[in-house]
Amino acid sequence: MTGDDSRPLDQAAELARRETVDPRTWDRTASGVMARIRSSVRPGRPLRVSLPDDRGSATHVSERVAVRLLGEALSEDGDLAPSALRLEVQGDRLTVLRVEIVGRYGVDLQALGERAGSAVRAALEGLLLADADAIDVLVSVVDVTVEDPRR
Amino acid sequence: MDLGQRSDDALVRAARLGDTDAFAAVVHRHGPGMERYARFILGDDQDAADATQEALVSAWRGLPGFRGDSTVRTWLFTLVSRRAADLQRRRRPLPVDDEQLERRLPALPDTALATALEADLLAALRAALQALPWRQRASWLLREVEGLRYDEIAATLGVTSGQVRGYLSRGRAELAERMQAWR
């Protein structure tokens, strides 16, 4: 294949790189994706907030709400970002919370893990989850990044 | 913080915690490129839209298992490649019309002529691509149009970098040959 032979192909490749999907067509695709995703989001398991009262009624918070609030609590620390939150539930009681975080490069990772654990504990107490102090909180630093892990 | 300014990794971490807005930012950042790739590789706009949509929905479902071994972009192109390959397998192969590869010179003013020539050249490329074996076609598109590295293409197609070099070499030669009429 000589340079001349490949010239039409090079020109066609350049045109292909400049090709864009029609915005209206793309909007239909994107809307379809997000509609399917939003309709698939489930509230998650109910977590007991308080012990049953005299009449046996109890208050619950959904797992989805708990994860969002815990994630927000962790994101207040500029040296880390939550990567995953895994909840182990027995019945309607949260028993174990596994927290995976990404830390900023150069920060003492042990101290970072302890800060993350404290933030999570405070958030669990803020949620008034039943027996919050009995929940095992296990923090793992799964990655480090030079940039702000939240960005 | 504006979601559009956040890195792919940060958006995926947020999406993994259930943040659908963060995932929407990923969709709008990478989806148009995925759909363009799917259009060229499948040669059909509706199939391309379907493959892109299925790939992005499967990405959402697969977030808990995505550990960042590849970049988010490579992961998404892997998913859309798989969906496109599934669609291709279900389709009857279409014969390539040789006339689509031939140069046509319509009688038009200069600027309109240039535009028409570009449209014809692109149409010829689409036709020539459809005649290539799947992996040659995918490798050429991922390298020459989407700008992926050899190792990223290898990860996307589940082959080795050496195989990608072979696919690219044969694909380029075949495409150049088929488009010689445009020389």
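Student: How do you know that the length of helix α4 of chain A agrees with what it should span?
Tutor: The expected span is 1.5 Å times one less than the number of residues. Helix α4 (residues 109–126) of chain A has 18 residues, so it should span 26 Å; its end C-alpha atoms are 25 Å apart, which agrees. Helices here are DSSP runs of H or I with at least four residues, and strands are runs of E with at least two, numbered from the N terminus.

Student: What kind of model is this, and how is it numbered?
Tutor: It is a predicted model: local features need pLDDT of at least 70, side-chain atom pairs count only at pLDDT 80 or more, and totals for chains, interfaces and linings use all residues. Residues are numbered from 1 along each chain as its sequence is written, and chains are lettered from A and ligands numbered from 1 in the order in which they are written.

Student: Which residues of α4(A) are buried?
Tutor: They are A:Ala116, A:Ala119, A:Val120, A:Ala123 and A:Leu124. Buried means that 20 or more other C-beta atoms lie within 10 Å of a residue's own; exposed means 12 or fewer, and partly exposed is in between, with C-beta atoms placed from the backbone.

Student: What do the buried residues of α4(A) pack against?
Tutor: They pack against α3, β3, β4 (93–104) and β5 (136–145) of chain A. Take A:Val120: leaving aside neighbours within four places in sequence, A:Val120 is in contact with A:Leu70, A:Ala73, A:Leu74, A:Leu97, A:Val99 and A:Val137. Contact means C-beta atoms, placed from the backbone, within 7 Å.

Student: Why is B:Arg29 called partly exposed?
Tutor: B:Arg29 has 17 C-beta neighbours inside 10 Å, so B:Arg29 counts as partly exposed. B:Arg29 lies in helix α2 of chain B.

Student: How many residues do the two chains bring into contact?
Tutor: 41 residues of chain A are in contact with 39 residues of chain B. On the side of chain A that touches chain B, α1(A) gives the most, with twelve residues.
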